[in-house]
Amino acid sequence: MKLLFVLTAGLAFAQVDSKLLLQPLGDSWPSYSGDYSGKRYSSLKQVTKANVKNLTLGWTMRITPGALANNAIIGGEGDGTVTFGGGNSIKGAVLQVDGTLYVSTPDNAWAIDARDGRILWHYFWKTRGATHIGNRGMAMYGNWLFFETPDNYLVSLDARTGAERWHKQIAPFEEQYFSTPAPIVIDNHVIVGTGNDLDEPGILQSFDPETGAVQWKFYSVPQTANDPAVKTWMNLDAAKHGGGQMWVPGVYDPETQLYIVGTGNPSPAYTGVARGEGDNLYTCSTVAINVDTGKLVWYYQSSPHDTHDADSSQTPILVDGDFNGRPRKMVLTAARNGYFFALDRVTGQHLRTLKYSDGVNWAKEINANGQPVRDPVKDHHIGGSLVSPANSGITNWPPPAYSPDTGLFYVPQNDNFAMYYLTETDPRGAMGLGGKEEQGVGSLGSYITAIDYKTGKIAWRHRFPGTNGGGAMGLMTTAAGLLFGGDLGGNIVAYDAANGKTLWHSHIGQVSNAPETYMLDGHQYLLVAAGDTLFAFTLY
Amino acid sequence: MKSTVVKLGLATASAVFIALSVNPAGAQNAGKNKADAKAKAAAPAPLPTGGGGGAAYPQRPPAPADVRARGEALYKAECGFCHGDDARGGDMGANLIRSQIVLNDDEGERIAPVLTRGEGVEGTMMPKFSFNQNQIADLAGFLHSFRVNGYDGSRNRPETIVVGNAQAGQAFFGQRCGSCHSATGDLKGIGTRITDARTLQQRWINPSAGGRGVTTRPTTVTVTMNGQKIEGNLLRIDDFTVTLTQADGRQRTIRRDGDNPKVELKDPYAPHKELYTVYTDTNIHDVTAYLVTLK
């Protein structure tokens, strides 16, 4: 039994083991989504619709990134001459295990006392460079923490002290990769994705949590001429530079041993001529990968031959439920491209497509397999093409939620539009995100949208007031019928999960991650970040 | 296995390239001049504070001019036919700027096996070349002089975005815009006042997006409380409060509880947004082609 050491290590310091990770979300928050299903549905019921108005601020804590703060433990491969912003915004999950919170931003990691917000240790990574756009959080296994750095290292820390155990390169800095995802621990695998805006392939890897050795690598685009997906590309070189980054963590189904994750846009993103006319597999897809072998088991492509950087790397959600009168094991996704998909997660069979944003206009029809078919007229134009969604998407990385009590899938939605101008007339196109210039023209509105997967209809929408829109942050729901999320006005809000009615709010500043909940000393907490500050609310 | 030696350029060189970088995420991939790395190791750098800026992927320090010149001449004679004189690829050869082999190469050591050993590249017709080591280093110096950036700057920009039919644009304008706007009234001379056609197009599609020197009309708010109407310009609104600027310039924030009090917003540009799901790109291009003629 490979996890025996965890069980015999004593009770002085609670650890994360497979049993805890497999539990439905409740007292702890031990992984990116809290549990493997991606539902962000907590079984906690102490905070109810009736008493949520009594939530009280327990503490706040403002992080200070950088080498000089909190006697930081210093690591990293950089020489210390380059520094980047981004370290002062919490844009990912915070782990809560046995009264300690584990928080990360680009190049920074902290352990924080969950009872008073005091910093226990701070680790700072001297970077080599790379895009510092955000960090989605850490993973934990035993006493070990794992997080990714923008310059593409997987770093493992001792959760008790913040001391570094080791770091391993994930992807070549020279190929302009950058890494934002939260790793996911499954059994003795640490699953690690990465990102890239040049034309390099999407890589998902499994590392050994003890040694940091690579166990397998999965590329989301073909790397060899005998890969059957090569025929969906102009040629092998195009495929090998085809993108498909997996920059948001996936979910895990222990029954099938499948890790299910969304892949990013094909590259070059906008001027796709050099990619050929094919579908460009397996970009903009939901892919199911055997967690022990790293082999692809099934895929479903939600944007064949995407031309708008509309990656499909949103968090999928695993749901067991009734579909057309028979029980199904499903995976549900609301994609950045404005369409919602229900698939059978055992086989990958398509069950339902719903266009959840009315203004979306990049596709001209839905094909027999439920896939939106791109309208080439809307690719881009020298004179400008008015397209919804704008680049940021109808939704983006902020995680959705699902409640088995209401049967509703909750997603932040922004009905945005932009003019896409073709600015590169070289018939070979451009590299990466080049070749076009996007100029926004605003939004027709932003919402929390509740989708009923059974009927394929919108059950309710809560529109954020105002004449424009914006990207709202992620969501979390509970067994007490509550739905929590940040709005566009700087409030953390509790909604009635049944109808979207507001029940409680606190104006804390622009919320920057998805709220979380856990139990501590017999009290339920609500934890949320607004930029550089954590807020812990509770019922006393 | 790549060396773990620090591969960023000299601090001074980095600063220069930061200043030159058009896009903050831009600049070329890491320079790897080993002499630079050694020189830098002598003076310990200050610890970063976590703020500040920097080139995400610093440009490589350029090879000496004579190396680049020899490399360019050799490249154009022997390689450009397939890979393009700008190394961005052609019908026969791959784009070398984004090539994983070139990106990971320092001074030709990764390029050499592809050229000289006849290993080629899987799935391609890459032939074998009998270059010597100096020639390969020259080629590497030339190839590493290109700017590499995922936010690839456009090199061949269209001369104008005006592609529509002015006559059709005038007809559309008459049907959809004429109730509020007039070519001889508010839009008289618009093509002279806004000389850049793309700016003009963006502005007529959604004037509230603003822009330099543009005054946009605010959304107005009417709050009905206790039978009284409070009016002003909208500053902010959420489910719990609305803030408006009153005629005397003072801000006033009013609590909201659902529909109480009644809050009505009037966005002067709402008719523009209503068109987003109505008109076609051709309509847009035609209207712009018409508006640029209003001198």
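In which kind of crossing, left-handed or right-handed, does H10(B) pass H12(B)? In this predicted model, H10(B) passes H12(B) in a right-handed crossing.

**Helix pair in chain B**
- Helix H10 (residues 197-205) of chain B packs against helix H12 (residues 281-291) of chain B at an angle of about 115°, and their axes are 10 Å apart.
- H10(B) contributes B:Ala197, B:Leu200, B:Gln201, B:Trp204 and B:Ile205 to the contact, while H12(B) contributes B:Ile284, B:Val287, B:Thr288 and B:Leu291.
- The contact of H10(B) with H12(B) has 7 nonpolar and 2 polar residues, with no charged residues.

**Open sheet in chain A**
- The order S8-S9-S10-S11 describes an open sheet of 4 strands in chain A, with antiparallel pairing.
- Strand S8 (139-141) and strand S11 (164-169) of chain A each have a single partner strand, so one side of each lacks a neighbour in the sheet.
- On average, neighbouring strands of this sheet are turned by 20° against each other, direction ignored.
- Strand S9 (residues 144-148) and strand S10 (residues 153-158) of chain A run antiparallel and are joined by 5 bridges.
- A:Glu148 has A:Leu154 in S10(A) as its bridge partner.

**Contact between chains A and B**
- In chain A, 70 residues are in contact with 68 residues of chain B.
- Elements that each supply at least two residues of the side of chain A touching chain B include helix H3 (236-240) and strand S30 (408-422) of chain A.
- S31(A) gives the most to this side, with 5 residues.
- The residues of this side of chain A comprise 24 nonpolar, 32 polar and 14 charged.

Conventions. Residues are numbered from 1 along each chain as its sequence is written. Chains are lettered from A and ligands numbered from 1 in the order in which they are written. This is a predicted model: local features need pLDDT of at least 70, side-chain atom pairs count only at pLDDT 80 or more; totals for chains, interfaces and linings use all residues. Axes are lines fitted to C-alpha atoms, for helices over the stretch in contact, and angles run from 0 to 180 degrees between N-to-C directions. A crossing is left-handed if the near helix is turned anticlockwise from the far one by less than a right angle, and right-handed if clockwise. Two residues are in contact if their C-beta atoms, placed from the backbone, lie within 7 Å. Ala, Val, Leu, Ile, Met, Phe, Trp, Tyr, Cys and Pro count as nonpolar, Asp, Glu, Lys and Arg as charged, and the others, Gly among them, as polar. Two strands pair if DSSP finds at least two bridges between them.
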